[in-house]
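Here is a friendly walk through a model, from its strands to its ligand. Have the sequence and the structure open as you read.

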Amino acid sequence: MQVTKRTFLKGLLATAAAGGVVSQASAKPQADLPAKWDREADVVILGYGGAGASAVITAKDAGADVVIFEKTAQAAGADLWHMNALSCPLGLVVPGLKTALQINMLAPSYIYVDQDGKRFANEKMDNHTCIYGVNVLDPIKHRYPRIPCFVVFDEAARVRGPIIGGATSGYVLNRENYKWSKDNSAEIEKGVIVSAPTIEELAKKINVPAENLVETVNRWNSQINAGADKDFGRPLEKKGKVAFEGREAPVISRPIGDGPYYAAELYPTILNTQGGPRRNKLGQVLDPFGKPIARLYSAGELGSMWGHIYQGATNNSEACVFGRIAGRTVANETPWS
Ligand SMILES: Cc1cc2nc3c(=O)[nH]c(=O)nc-3n(C[C@H](O)[C@H](O)[C@H](O)COP(=O)(O)OP(=O)(O)OC[C@H]3O[C@@H](n4cnc5c(N)ncnc54)[C@H](O)[C@@H]3O)c2cc1C
């Protein structure tokens with residue numbers, strides 16, 4: 001049978017209205033099911049995407065009794081929230097490795113520039129929110145001029161230590177056993193970091209306008225020598241306690257000094273996402289009207305209560321706290337008769 005757009009949409013509505021969609025975790029459709037899972041069906045569909053939905057419609061039109069298993073919460077009528085909230089530092093890609101490494105400059109003589117060779121932010125932006133600093137679309141040239149962007153640094157910064165700082169955890173380090181070289185020389189050899197004797201030549205290697213990069217470096221140096229980053233307010237020194245060397249190094253801003261000079265591409269490197277089904281304080285998943293969906297619960301990062309700005313260390317605590325809350329809510333439910 002041919003499925004037209006009209007029969008497809010009609011079929012989607014009909015199957016949803018009939019409670020035909022069964023989310024793996026959901027209970028909304030389970031109201032239509034026996035308490036014991038001993039239902040028989042002519043056809044079992046796994047996944048309610050385009051292909052699954054088409055198969056359901058065709059099978060139902062052919063008179064079959066169909067049951068669908070679908071893992072997404074929308075299939076059970078859930079509202080979604082925080083779908084564009086990410087915790088996302090900037091990082092480096094080493095060819096051959098499965099994930100990226102976060103940048104963490106140990107020395108203060110560095111800047112970030114975009115593909116036009118210009119600074120665009122205080123480089124000390126909150127590590128978890130860097131995505132908001134780079135995710136800008138150029139509406140004229142239809143490009144993302146900050147993805148990738150570049151870190152530019154001097155010889156003193158190269159010898160100070162790995163530009164991923166003192167990182168000791170993460171998939172690349174713990175699972176892929178990658179060892180970043182102490183003086184960054186191995187990464188220069190691999191081409192992850194490029195080097196040149198002058199800023200002009202460095203600009204050519206990373207394909208940014210040389211006159212812009214020279215001007216940017218000169219401007220940075222003269223402003224820092226004069227005592228303040230007037231463009232973006234990156235401080236000179238960190239006051240108070242330092243939790244992470246580098247990311248919060250006591251000395252934050254210094255002029256870019258003697259060469260050779262170095263640059264590396266930086267990309268958004270996602271740590272975690274906060275989106276998913278919206279929940280209430282009891283861990284019940286809500287529909288778009290704020291009504292709890294019967295016997296559907298959530299906890300943790302999937303549909304996290306945290307919105308745009310990651311609150312340091314709160315994903316793990318939320319996972320533990322809401323795991324307990326949702327567990328308590330479930331335990332207090334009365335059995336279906
Ligand atoms: C590198 C890194 C550093 C982080 N640092 C911090 C930090 O310092 N502090 C902090 O608070 N948070 C941190 N986070 C975030 C935090 O670790 C997570 O938010 C938290 O672990 C999420 O817990 P969870 O139980 O919600 O999800 P997860 O730990 O992702 O658990 C989900 C589980 O479900 C399983 N699963 C998935 N699909 C299915 C399926 N269809 N069927 C059955 N099982 C399935 C997965 O295999 C997994 O075991 C970090 C995250 C990363 C990646």
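## Ground rules

Two strands count as paired if DSSP finds at least two bridges between them. Helices (H or I, at least four residues) and strands (E, at least two) are DSSP runs, numbered from the N terminus.

This is a predicted model, in which local features need pLDDT of at least 70, side-chain atom pairs count only at pLDDT 80 or more, and totals for chains, interfaces and linings use all residues. Residue numbers start from 1 along each chain as its sequence is written.

Let's begin with β11 (residues 261-268), where six of the eight residues are buried (20 or more other C-beta atoms within 10 Å of their own, with C-beta atoms placed from the backbone).

Strand β6 (residues 90-92) runs antiparallel to β11, joined by two bridges; Leu 90 has Pro 268 as its bridge partner. Strand β9 (residues 149-153) is also antiparallel to β11, with five bridges, and here Phe 153 sits opposite Tyr 262.

## A parallel pair

Strands β2 (residues 43-46) and β3 (residues 66-70) are parallel, paired over four bridges. Leu 46 has Phe 69 of β3 as its bridge partner.

## Around the ligand

Which helix gives the largest share of the shell around the ligand? That is α9 (residues 314-331), with four residues. The residues around the ligand (C-beta atom, placed from the backbone, within 6 Å of it) include Lys 71, Glu 301, Thr 314 and Asn 315.

Technical notes
A residue is buried if 20 or more other C-beta atoms lie within 10 Å of its own, exposed if 12 or fewer, and partly exposed in between; C-beta atoms are placed from the backbone.
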